[in-house]
Amino acid sequence: MFMKLQYSYLGWNFKFSIMKRLVLCFLMLLSNANSSYASLVLNRTEIVMFREQHRRTMLDNGLGQTPPMGWNSWNHFHCDVSEDLIKQTANAMVSTGLVDLGYKYINIDDCWGELNRDSKGNLVAKSSTFPSGIKALADYVHSKGLKLGIYSDAGNQTCSKKMPGSLGHEVQDAKTFASWGIDYLKYDNCENNNIDPKERYPAMSEALLKSGRPIFFSLCEWGSEDPATWAKSVGNSWRTTGDIQDKWDSMISRADLNNKWASYAGPGGWNDPDMLEVGNGGMTTEEYRAHFSIWALAKAPLLIGCDIRALDNTTKELLSNSEVIAVNQGRNKLKIL
């Protein structure tokens with residue numbers, strides 16, 4: 001049960017759950033107090049949030065010891081993706097210094113593939129937008145010290161309906177992803193034939209484990225069947241909510257829904273309230289600061305969703321806050337004797 005608080009801050013007037021109240025404290029500390037005191041309060045917050053973590057069997061792929069950090073194409077570009085965009089984004093991740101802060105995944109979302117599989121049943125990169133193929137693109141991204149993520153769906157087609165899903169092709173597609181050098185798979189939930197996700201997602205999980213390559217497995221099940229309660233043995237992160245929009249109400253409602261499952265997150269498996277909207281223009285700077293802070297406190301994946309090739313100074317500063325990132329990554333821990 002959430003404690004509620006009516007609060008007015010920077011022109012906002014909302015009902016805040018415990019999580020949002022802690023974030024307000026965080027924001028004011030960053031503005032008005034020294035960093036060591038802010039860190040102390042945040043460390044205590046971290047302990048309270050995770051003291052009652054459930055200890056369950058976790059996916060045995062050695063990944064996700066901390067929440068993943070990186071970038072995803074969907075929030076800003078939707079289906080307008082190409083190998084040029086991915087290469088330029090990888091270059092920008094390095095040139096902006098974001099990679100040095102821990103942002104390492106460059107994740108291609110939907111629409112990267114052809115509508116149909118090839119004669120052998122394999123997924124095929126769209127020739128008009130990824131003419132060099134995904135393997136060559138992965139090699140390029142890896143040469144920058146980064147990792148490449150890709151997207152598929154636990155259904156007949158992806159959510160865009162512009163490429164095939166992986167339902168029934170889990171083993172074949174996992175081997176394909178491994179052969180391409182993929183490091184991360186976002187696995188969506190569209191066109192699923194009304195088959196229980198507890199049947200569909202473990203099939204891909206097992207296929208990835210047997211693919212011969214460690215691949216971070218991100219379940220995008222939208223929280224439909226409370227994946228926090230069962231997905232830690234299946235994947236490294238699981239969506240707890242529907243899709244986010246670049247609006248305050250959408251962002252804060254995702255945070256509330258995600259907060260319900262806080263005790264289920266931990267090394268190897270993380271709650272995912274969807275990707276960051278910071279920098280996409282639909283919220284104020286203060287709202288984006290709250291957004292980034294909430295995601296950090298919640299130990300959510302920090303996957304940038306804006307165009308990092310064109311970061312303004314304010315957005316770069318928000319995404320580069322090393323103290324906030326340290327909280328998310330568990331590098332600010334308070335020892336209890």
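1. Helix H5 (residues 133-143) lies across strand S4 (105-107) and strand S5 (147-153). H5 runs at about 145 degrees to S5. Contact here means heavy atoms within 4.5 Å. Axes are lines fitted to C-alpha atoms, for helices over the stretch in contact, and angles run from 0 to 180 degrees between N-to-C directions. Helices (H or I, at least four residues) and strands (E, at least two) are DSSP runs, numbered from the N terminus.

2. A note on the basis. This is a predicted model: local features need pLDDT of at least 70, side-chain atom pairs count only at pLDDT 80 or more, and totals for chains, interfaces and linings use all residues. Residues are numbered from 1 along each chain as its sequence is written, and side-chain values use heavy atoms, with hydrogens and water left out.

3. The open sheet has eight strands, in the order S9-S8-S7-S6-S5-S4-S3-S10. Pairing is parallel; two strands pair if DSSP finds at least two bridges between them. Strands S9 (270-272) and S10 (302-304) stand at the edges. Each has a single partner strand, so one side of each lacks a neighbour in the sheet. The twist averages 25 degrees from one strand to the next.

4. Arginine 239 stands opposite aspartate 272 in S9.

5. There are two disulfides, each a pair of cysteine sulfur atoms within 2.5 Å. Counting bonded cysteines along the chain, the pattern is 1-2, 3-4.

6. Cysteine 79 and cysteine 111 are bonded, with sulfur atoms 1.8 Å apart. The pair links distant parts of the chain, 32 residues apart. Cysteine 79 sits in the loop between helix H3 (74-77) and helix H4 (83-95); cysteine 111 is in the loop between S4 and H5. Cysteine 79 is partly exposed at 26% relative accessible area, while cysteine 111 is buried at 6%. Buried means under 20%, exposed over 50%, partly exposed in between (1.4 Å probe, protein chains only).

7. The other disulfide joins cysteine 159 to cysteine 190, S to S 2.0 Å. Its S-S torsion is about 95 degrees, so this disulfide is right-handed. Cysteine 159 is partly exposed at 32%; cysteine 190 is buried at 15%.

8. Cysteine 220 is in no disulfide. The nearest cysteine sulfur, that of cysteine 159, is 6.9 Å away. Cysteine 220 is buried at 1% relative accessibility. Cysteine 306 is also buried, at 1%.
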